[in-house]
Amino acid sequence: MKVFINKNIPEAGILLLQEKGINITVNPTENVLSRNEFIKICQENDVLLNVGANNLDEDFFQQCPNLKGIALFSVGFDAVNIPSANKRKIPVGNTPDVLSRATSDIAFLLMQSVARKSFYNYKKIINGKWESFNALENLGQELCGKTLGIFGLGRIGFEMAQKCKAAFGMNIIYHNRSQNENAEKELDAKYVDFETLLSKSDVLSVHSNYSEENNELFNKNAFAKMKSNAIFINTARGKFHNEDDLFYALTNNIIWGAGLDVTNPEPMKKDNPLLSLSNCCILPHIGSATYEARNAMAVCAAQNIIALFENKKMPFCVNEEVYL
């Protein structure tokens, strides 16, 4: 079985594959392959271990008829056309659970950074604008006792809610497709409809899997329904929010601030006006960027491929219907 890995991954995953004698080809450079280059190499392999943003759509599957499986180096699988994979009985594996703590850490960091305008105040030092004390400047807001709203209370959302509850005694409300009984029991979380989530949250943090039905769900209309002191956090997918509408909300005092680890589009250009705002903190999609999380992701991806190699069910399969 021949496996193509389009970008380098931690050695922990590579070693597992090598121990099984699996034939691996790793993109020798960190250069992003063109669509044609990417497809050409995939046509010559049985399995793709996909790292980063590649559009695995119907056209991709049509052009790569020999693929027997896809292992994603991510939790999200919105870049894969699952019906196309299902039609061809191609299992798709992801890396759940192992990056929940790391990603929620970033959401927690961004929430505090926005509340205290930390990125902006750091830039003031860099720009030589640290001036004498002024009791009316650099004012942030405290989070103790505030209400955290979670859109998508799954593994990562639960970790975020747990941190906020323990650190600041925050009240937890959430909106899901279905209720999270464990969160309600452990964190006293309250299920609410989407409109209530918008109107009652002091901090609204997005942790849901992305789907087209949620494209730019957080737009001008949504921001207008939020509190004027509200902080919007997105560490899930940039396509959840409309950046023009977010800029308008931030510059017209419609909401207090925003913290983003994902942008729309991504990567963000250096002249994006959001970067100039005092009430917006942005990171370059580093939610899973810890040694622990990335090593564990590599192991999960390798385990999915090894299962395929051994004619077993992928342990972290997102389309289990292919095994029916």
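**Exercise 1.** Are Tyr210 and Phe240 buried or exposed?

*Solution.* Buried means under 20% relative accessible area, exposed over 50%, and partly exposed in between (1.4 Å probe, protein chains only). Both Tyr210 and Phe240 are buried. The model is predicted, so local features need pLDDT of at least 70 and side-chain atom pairs pLDDT 80 or more, while totals for chains, interfaces and linings use all residues. Residues are numbered from 1 along each chain as its sequence is written, and side-chain values use heavy atoms, without hydrogens and water.

**Exercise 2.** Classify the ring pair of Phe194 and Phe218.

*Solution.* Step 1: rings of Phe, Tyr and Trp (its six-membered ring) pair if their centres lie within 6.5 Å; planes under 30 degrees apart count as stacked, over 60 as edge-to-face and the rest as tilted. By this rule there are eleven aromatic pairs.
Step 2: the centres of Phe194 and Phe218 are 5.7 Å apart and the planes stand at 70°, so the pair is edge-to-face.
Step 3: Phe194, at 17% relative accessibility, counts as buried, and Phe218, at 0%, also counts as buried.

**Exercise 3.** Classify the ring pair of Tyr210 and Phe240.

*Solution.* Step 1: with centres 5.5 Å apart and planes at 90°, Tyr210 and Phe240 are edge-to-face.
Step 2: one aromatic cluster is formed by Phe151, Phe194, Tyr210, Phe218, Phe223, Phe232 and Phe240.
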